[in-house]
Amino acid sequence: MSDSAPIVIVGAGHAGGTAAALLRQYGHAGAVILIGDEPLGPYQRPPLSKAWLKGEADGDSLRLKAPEWYADNGVDLRLSQTVAALDRATRAVRLSDGETIPYDHLILATGARARLLPIEGADLNGVMVLRTAADAEALKAALSSQRHRVKRLAVIGGGYVGLEAAASARALGAEVVILERESRILARVACPVLSRFFQDYHRERGVHFILDAAVERLIGEDGRVRGVRLADGSVLDCDVVLVGVGAVPNDELARAAGLDCQDGILVDLAARTSDPAIFAIGDVTRRPMPLYDTVMRLESVPNALEQARQAAAAITGRPAPEPETPWFWSDQYDLKLQIAGVPVGCDDMVVRGDPGAPGFALFHMAGDVIRAVEAVNAPGEFLVGRQLIGRRTPVCRERLADRATPMKSVAL
Ligand code: FAD
């Protein structure tokens, strides 16, 4: 190990854990300190609402690396420790217990936290969010408890986490109602055709929906949630409430230290912040999107991995990786949704397959160029679509719409 000040990574999540591993893979020989406020080492969050919640995966399968990997590779993993402040002038972080750790380079990988509902009753027992392994443990226990009859789960928010948790809760035998403020589920993240498909699929599997729902407050009994009261005066009985209304970036450390932020830490394509010694990666960032000529905050594993590669390459002096086409997935029941690209600046949509049954893809177009694809149980459409988006290759719309034409033949 070299004598220089270490590389300090704040946040031992998917992005932070990956960055530590890549620094070693890219040949960095100096000290690496990875600090996380959760009791677990870096783990994957996607299974928390999917296979893990249904009981189909064990805790070990969530880990990014075996526990001994960190010591074996000279990564000083410090768990259950919170970084309370950054001092850019002296290049040091201060832990909440007062310890100060100097850094040569700092990587902020503090992620995001579940957004809370500012309504009466939000602090009742049985009102939950789903962000951490501890949250998932609590939700699973609440849904599986045998103390009395079938559990009734009210999910506030029809986004991906809420829908995945609803599908898993049905597999656990719970009754599920989804309360969505907008007139359709997935309103912020998917097109209306996809919203309709997922709503129908869930409905056929016993999930109830209340759209345009104005949740007024949560009603409790002996400190436990018993119902959700809506603005129209109706009350929905329930045993558990899952609040799934999005995530807020943990950018407070960066803001207090004077780094440029805008609902997330602003970074460039090397994941560098406005301070050249400080990088930021993962859900906490707002990053350039070269394909779309804009900046966005992405909450996805592929984004966390891409930015970990960018930061590790910049710090170790390797060439910058090629920008990737953003992508995301969601698993619900037997459905695999895969999305590539972002439907920015689109003027039309091409439908391939029947959007009423699994095995279709929706292509969002700007002229003859695909900007985004939403594919349901259509991995070929997703894979080729993602390549065409990245290369900005013009396609023949008629061939794209015809499922009998292989995807490799749709380019003009
Ligand atoms: P995180 O994984 O949130 O890690 C940040 C870590 O930093 C946390 O442990 C946090 O506690 C810690 N931290 C914060 N502040 C401090 C501090 N001051 N000091 C010390 N530690 C700190 N993405 C997909 O692509 N596909 C999916 O299907 C998918 N499903 C998901 C399902 C669920 C239930 C959830 C919650 C997320 C899902 N995601 C999915 C999103 C994906 O998990 C995130 O994009 C990814 O975890 C981001 O990694 P990150 O390291 O930036 O943040």
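Biologist: Let's start with β10 and β16: over how many bridges do they pair?

Modeller: This is a predicted model, where local features need pLDDT of at least 70, side-chain atom pairs count only at pLDDT 80 or more, and totals for chains, interfaces and linings use all residues. Residues are numbered from 1 along each chain as its sequence is written, and side-chain values use heavy atoms, leaving out hydrogens and water. Strands here are DSSP runs of E with at least two residues, helices are runs of H or I with at least four, both numbered from the N terminus, and two strands pair if DSSP finds at least two bridges between them. β10 (residues 152-156) and β16 (residues 240-243) run in the parallel sense, and their pairing has 4 bridges.

Biologist: Which residue of β16 is the bridge partner of V155?

Modeller: We stay with the parallel pair of β10 and β16. Look along β16 for the bridge partner of V155, and you land on L242.

Biologist: How many residues of α4 are buried?

Modeller: Buried means under 20% relative accessible area, exposed over 50%, and partly exposed in between, with a 1.4 Å probe and protein chains only. Among the buried residues of α4 are Y160, L163 and E164. The helix is mostly covered, and of its 12 residues the buried ones number 9.

Biologist: How far apart are the end C-alpha atoms of α4?

Modeller: The expected span is 1.5 Å times one less than the number of residues. For the 12 residues of α4 (residues 160-171) that should be 16 Å, which agrees with the distance in the model, 17 Å.

Biologist: What is the angle between α1 and α7?

Modeller: α1 (residues 14-25) packs against α7 (residues 301-316) with the axes 8 Å apart. Residues in contact include L22 in α1 and L305 in α7. The angle is about 35 degrees.

Methods. Axes fitted to C-alpha atoms, helices over the stretch in contact; angles between N-to-C directions. Contact = heavy atoms within 4.5 Å.
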